[in-house]
Amino acid sequence: LAAHHARAVFITAETWGILATTALLGFGMALLRYLPGRLYIASAMAWGFLWIAYGRVLTAPRSYGLGVVALVSSLLILIAGLAVFLWARGRTRERVS
């Protein structure tokens with residue numbers, strides 16, 4: 001959009017990045033909720049969030065706010081994924097006769 005000189009509609013690029021990262025976190029939480037017991041979803045999303053944090057904090061263009069949000073999102077998705085995984089393994093299965 002910047003190459004085509006599009007206006008940011010009163011919101012900075014960093015804010016758009018934070019909103020997109022938060023939306024991805026919500027999507028990941030929904031996946032964990034509706035597909036319980038699949039730890040690979042949480043680990044893949046956490047890996048992606050860590051790369052976003054790395055890219056925004058240590059390389060150009062720098063965006064410390066987005067880096068912190070991505071790092072926190074990575075930790076939250078890992079914690080939620082592990083909790084859902086342990087919950088799914090521990091629940092008793094009912095048999096239908």
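Predicted model: local features only at pLDDT ≥ 70, side-chain atom pairs only at ≥ 80, totals over all residues.
Mentor: Local features need pLDDT of at least 70 and side-chain atom pairs count only at pLDDT 80 or more, while totals for chains, interfaces and linings use all residues. Residues are numbered from 1 along each chain as its sequence is written, and side-chain values use heavy atoms, with hydrogens and water left out.

Trainee: What makes Trp-47 and Trp-51 an aromatic pair, and why is the pair called edge-to-face?

Mentor: Rings of Phe, Tyr and Trp (its six-membered ring) pair if their centres lie within 6.5 Å, with planes under 30 degrees apart counted as stacked, over 60 as edge-to-face and the rest as tilted. For Trp-47 and Trp-51 the centres are 6.1 Å apart and the planes 70 degrees apart, so the pair is edge-to-face. The two residues are four apart in helix α2 (residues 39-58), about one helical turn.

Trainee: Why is Trp-47 called exposed, and why is Trp-51 called partly exposed?

Mentor: Buried means under 20% relative accessible area, exposed over 50% and partly exposed in between (1.4 Å probe, protein chains only). Trp-47, at 55%, therefore counts as exposed, whereas Trp-51, at 49%, is partly exposed.
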